[in-house]
Amino acid sequence: MEKVITCTVCPIGCEITVTGSEGRIEGMRGHACKRGIPFATDEFLLPKRILTTCVKLSGSDEPLLPVRSDKPIPKEKLFACMELAKTLEVSAPIGMGEVLIANILGLDCNLVATKSVTPRQ
Amino acid sequence: MIHKRCDVAIIGGGPAGLAAAMAAKREGASEVMVLERDSSMGGILQQCIHPGFGLTYFDEELTGPEYAARFFEEASAEGVSFMLNTMVLHMEATHLICSNKELGMVTVEAASVVLAMGCRERTRAQIQIPGSRPAGIYTAGTAQRLINRQNVMVGKRVVILGSGDIGMIMARRLTLEGVDVVAVVEIQEYLTGLTRNRVQCLDDFSIPLLLSHTVTQIVGKGRVEGVFIAKVDEQKVPIAGSEQFLECDTLLLSVGLIPENELTKSQGIEIDPLTGGPRLNQYQQTSLEGVFACGNVVHVNDLVDNVSIESINAGTHAARYALKKTHLREGHVVCTPGEQVRYICPQEIALDPNREEVTLYFRATVPLKKVRITASIDGKVIRTKRAVRVNPGEMEQMTISPAALLDGQELTIDIEEVR
Ligand SMILES: Cc1cc2nc3c(=O)[nH]c(=O)nc-3n(C[C@H](O)[C@H](O)[C@H](O)COP(=O)(O)OP(=O)(O)OC[C@H]3O[C@@H](n4cnc5c(N)ncnc54)[C@H](O)[C@@H]3O)c2cc1C
Ligand code: SF4
């Protein structure tokens, strides 16, 4: 299997070609510096992303609260986490960084608030 | 009418205004006021819930609200005063007239002013797409505000015109919300936003990116039913026979931002036609004494980290001006974009006994590979550097020493490919 990965570590954006099979890397070419190696390795084996979205908020002037995963999660789990986030409804007050769903889907990361909200006056 | 006085008044409470306020206070200004028309601080960052902020400034990947909160907390801790729901309607040099939701008209008399009004989006009127005027056409930033702050979904099947960062970020956001993003259509033959966003927002979700394509017609009566797109030639003219119809109920426009400079222009402050923002010197000072500017009101920044750095500079010098601690000027050098450079910011280097190093920010006109960037004074090269790649979507910078510069000289920056 061969996969072309655009490195996003720096703005140069090398196109790194990684060859291997699932779970195993055999070769890598196209990276202009060594910082591209761990990046392309992770992208090939298990690409992860930070998830951000909004959840329903009550008791505040704003209808939504922005949230994130406090660690990157495997890309293929993004939609499953979104489904969970869509069912969540929280109420003010909430502090920035407050955990809203702990250990989401058993991925060893939490869904946290990215904003503090005070209750409606 | 209520009258207020302060050392430094800052118009706009986005990341630019917050950083400028914090810096002005640290520099010793006693009363620093931020005037913001919105009901909360943070500017555009409040709706930018995605990660990607602070990678250079904090060496961490923060979301927009988190990044704004850091500066808001710092500015609050320094004792900056904030006036929300306060729109600056008019200015006479450093004298401001505002309208406040509760207080009515308020005047603010300041020793110096920092313009930090940000920018607004280009709309359909400014790019002129033919066709009917159905509902379902939004700028990408408006859609972002509706979805991320107001809980309003814009449509079910979306085409995005323009590969700017906001458009790409919305492509991902909509996809995660279950909306079908048909394609991102870009008239240029290159991506106009950051590569990172193409990878994480389009490639990750297999959203097609159609370069050298544009929307030629919008179809629909009450609501958008679809758009015709076509390939364009080198002159950006649609190629006959290349049209295809994309069914969609929504079109998002991500076709660029324009600095918000009505107040600036009303004061006759010199505007750089290349940036659409005021001409500045390295202290972020405009052509009007005591008026400084920073952030997107000056030039459209792709990274908020750069906004913070230039805004700290603006706040610091606005405070020095208010405290009468500025150096006497010995003249100035004009910075002019040379080959393959779209603009340079600041546009002028003020010469004074200080002669501290100056960082010039600039953008390439087109994507180029393996380049040499040179800064010259009256045609004589004073600095060169190499880059593997330059891209109009990514700002470049170069630091130069003004030690040997003389009044009336011209500095140019050129980018050339080396083979
Ligand atoms: C959709 C989008 C996505 C982005 N994504 C990223 C990213 O991933 N990473 C990154 O680093 N950067 C990103 N940026 C860029 C970054 O957010 C901006 O460069 C930055 O927010 C600019 O800050 P600013 O303070 O100049 O402007 P703004 O944030 O626009 O703030 C200007 C403020 O001025 C106020 N104002 C204007 N006129 C008046 C007036 N007359 N009276 C009172 N108040 C006034 C406005 O209400 C507003 O609050 C993004 C930008 C946008 C628009
Ligand atoms: S491989 Fe190195 S040079 Fe290439 S994009 Fe990644 S970090 Fe930049």
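How many cavities of 30 Å³ or more does the count come to? The count comes to 3. The structure is a predicted model, and the predictor gives the complex an ipTM of 0.93 and a pTM of 0.92. Chain A has an average pLDDT of 94, with 100% of the residues at 70 or above. Within chain A, strand 1 (residues 2-6) has the lowest confidence, a mean of 92, while strand 10 (residues 111-113) has the highest, at 98. For chain B the average pLDDT is 95, and 99% of the residues score at least 70.

The cavities come next. The largest cavity holds about 80 Å³ of space. Both chains contribute to the lining of the largest cavity: A:Arg49, A:Ile50, A:Leu51, A:Thr52 and A:Leu78 come from chain A, and B:Pro51, B:Arg172, B:Leu176, B:Gln200, B:Asp204 and B:Phe205 from chain B. Sorted by class, this lining has 6 nonpolar, 2 polar and 3 charged residues.

In the second largest cavity there is about 70 Å³ of space. Its lining includes A:Thr52 from chain A, along with B:Ile49, B:His50, B:Gln144, B:Asn148, B:Ile169, B:Met170, B:Arg172 and B:Arg173 from chain B. Two elements of chain B, helix 4 (140-149) and helix 5 (165-176), each give two or more residues to this lining. The largest share, 4 residues, comes from helix 5 of chain B. By class, the lining of the second largest cavity divides into 3 nonpolar, 4 polar and 2 charged residues. A:Thr52 and B:Arg172 are among the residues that line the largest cavity, and A:Thr52 and B:Arg172 also line the second largest cavity.

Strand 25 of chain B provides the largest share, 6 residues. The lining of the second largest pocket is made up of 19 nonpolar, 9 polar and 15 charged residues.

Two ligands can also be located in the model. Ligand 1 is surrounded by 33 residues, and the closest are B:Ala16, B:Glu36, B:Ile44, B:Asn296 and B:Val304. Of these, B:Glu36 places a polar side-chain atom 2.6 Å from an oxygen atom of ligand 1. Backbone atoms take part as well: a polar backbone atom of B:Gly52 lies 3.2 Å from a nitrogen atom of ligand 1, and a backbone N or O atom of B:Val88 is 3.0 Å from a nitrogen atom of the ligand. Taken alone, ligand 1 exposes 1,000 Å², and 94% of that is buried by the protein. The shell around ligand 1 comprises 17 nonpolar, 12 polar and 4 charged residues.

Ligand 2 is surrounded by residues of chain A, namely A:Cys7, A:Val9, A:Cys10, A:Gly13, A:Cys14, A:His31, A:Ala32, A:Cys33, A:Arg35 and A:Gly36. By class, there are 6 nonpolar, 3 polar and 1 charged residues in this shell.

Finally, some details of the backbone deserve a look. The peptide bond from A:Ala92 to A:Pro93 is cis, with omega near 0°, and A:Pro93 sits in the loop between strand 8 (89-91) and strand 9 (99-101) of chain A. In chain B, the bond from B:Cys345 to B:Pro346 is cis, with omega near 0°. B:Pro346 is found in the loop between strand 21 (341-345) and strand 22 (348-351) of chain B. B:Lys236, a residue other than glycine, has a positive phi, near 70°. The loop between strand 15 (226-231) and strand 16 (244-247) of chain B holds B:Lys236.

How values were computed:
Residues numbered from 1 in each chain as written. Chains lettered and ligands numbered in written order. Heavy atoms only, no water. Near = heavy atom within 4 Å. Polar contact = N/O pair within 3.5 Å; in protein donor to acceptor, adjacent residues only side chain to side chain. Areas by Shrake-Rupley, 256 points an atom, 1.4 Å probe, with all protein chains shown as cover. Nonpolar A, V, L, I, M, F, W, Y, C, P; charged D, E, K, R; others polar. pLDDT = per-residue confidence, 0-100. 1 Å grid on protein atoms, 1.4 Å probe; cavity = no way out; pocket = protein on both sides within 12 Å on 5 of 7 lines; lining within 4 Å. Points joined across faces, edges and corners; volume = space filled by probe spheres on them.
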